[in-house]
Amino acid sequence: MAFASLGTLGNYRLVQLLAQGGMGEVYLACQEGPEGFLKEVVIKCMLKHLADDQGFVDLFLNEARLSVLLQHPNIVQTLELNRAQDSWFIVMEHVRGCSLKSCIRRAKKNHRRIPEAIAVWLIAEALQGLHFAHNLSDGKGRPLGILHRDVSPDNLLLSWEGAVKLVDFGISKARFRNVNLPTGGPKGKFPYMAPEYFVAEHALDVRSDIYSMGVSLYELLTLELPDCVPRDRKSVTQPRTLYEPRAELSKELNDILLRALNPNAAERWSSAAQMAGVLIQSLVAKGQSVHASTVSAWMRDFWDLRPDETFFELETPSEVSFAHSGSSGHFEGTEVLKAPEKIAQQALALQSPRPKRTPQQNFIWGLATVSCCLSMGLLYWVVAASPKNVSTALSRMSQPLTAIASPLPLAPEPTPQASPIPETAAETGHKESKPSVAARLGRVRIQAAPNTAVSYRGKYLGKTPMKPLRLPAGKTRLYVQNKQLGISKSYQVHIKPDKEVVLHVQKPKVKAHSL
């Protein structure tokens, strides 16, 4: 690690290492202030031993200089550039969410598709941020000529609220830049790079980024890379073929992809805004309405989460590559926050403790509590002592008792352990032919290290060792936490009616199987 421990860096407290590579590290951090003020940020740090390498320093500082100019809703905001502990660091906005590459991987793993309308809207939003960067000017109105040069699903972030943000301008190009950056080959990821990247006499322009957006759109729609793009360094210099339409895609989308992926840059759109407009028109023509709240609802369903559930450990973090372009001709860029966020529980731990009440405040609270109890007791005595209530109570006492079925609890209380639920309808007093309560319940046995806390739907159930939990049948999630072992995860468990499922909590693997 670049720093000995998760301590402080400037005015920030480092919370969690999100990713690391050969050039630097990315941390989740927080900025704290008075009266419980707390702001979560992401800090990208350069490794100390590279601080003396002017080429890497120039590359790092160039990213900061570019990013601070890019103030747009569809671009991750850069907040600060600073130096501490003999190294440089960049402070950026923290996007609570995941990359589009994470969505593609999950869709392939679960044999699902990203809805066409969602995919189109996501790329249209990203194109608007890209158009802003392409057209940014200096204080005198002169175009800066910014190109991203590393557009890919890895660098397109999607927040849980449905906002799309472009990240990582680490290898961007601008006309005002006058630094000596590492050389040695094209920069970017080969499948997303336009043919002109590999032609020495061809100048790059905004249409090169548009090509990359076309590849990203195709990958979102099909979960595959187009056949017309190179897969490795050996094939980048081979002639590119035209895009072959896909039968499962509409004619409008195939036409859009045919133009975006055209090997001839002159045949593509001249601006990202034009491509974004065509994509939005395709949605309107089909009567499809997509907005941020639509995407947010899809995200929760896609990641199999309930509306009241927070996001924990949806995917393991990936290594960030800060590869030197001179060594391989392939520059991965700084892929910040490739994995979905895993720190909802840390946010609670970061909250400042509530200020202690003064003796005067304690006296007022105590007086108010006593007054409330006396008032309630007086009201109960007045109501209960009335002749009408007394006679009603006596008449009810003379009637035979009737069994009343208890409502189904959401989860057992932590202490004491929840009392067993009747196994048959006969035990509840009902003689109806409806399915019994037990038929809709199953048991989950938690096998974990002692003192592992278990929660269900935000409700604390207790610590291991504990009796098997009786929970509603179906797919559900349990959150387990053991600070001593560094376990803090959410796991999906498939509970079968009247069956017992064992959840083995290990580090780092977790599996569940039916007995």
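## Helices and strands

The protein has 11 helices and 17 strands. Both are DSSP runs, numbered from the N terminus: helices are H or I with at least four residues, strands are E with at least two. This is a predicted model, where local features need pLDDT of at least 70, side-chain atom pairs count only at pLDDT 80 or more, and totals for chains, interfaces and linings use all residues. Residues are numbered from 1 along each chain as its sequence is written, and side-chain values use heavy atoms, leaving out hydrogens and water.

## Burial

Of the 515 residues, 48% are buried. Buried means under 20% relative accessible area, exposed over 50%, and partly exposed in between (1.4 Å probe, protein chains only).

## Aromatic pairs

The structure holds five aromatic pairs. Rings of Phe, Tyr and Trp (its six-membered ring) pair if their centres lie within 6.5 Å; planes under 30 degrees apart are stacked, over 60 edge-to-face, the rest tilted.

Take Trp-160 and Trp-303. Their ring centres are 6.3 Å apart and their planes stand at 90°, so this pair is edge-to-face. Trp-160 sits in the loop between β8 (156-159) and β9 (164-166), and Trp-303 in the loop between α7 (292-302) and α8 (325-328), so the pair ties together parts 143 residues apart in sequence. Trp-160 is buried at 5% relative accessible area. Trp-303 is buried too, at 0%.

## A ring cluster

Trp-298 and Phe-302 are stacked, with 4.7 Å between centres and 25° between planes. They are four residues apart in helix α7, about one helical turn. Ring pairs link Trp-160, Trp-298, Phe-302 and Trp-303 into a cluster.
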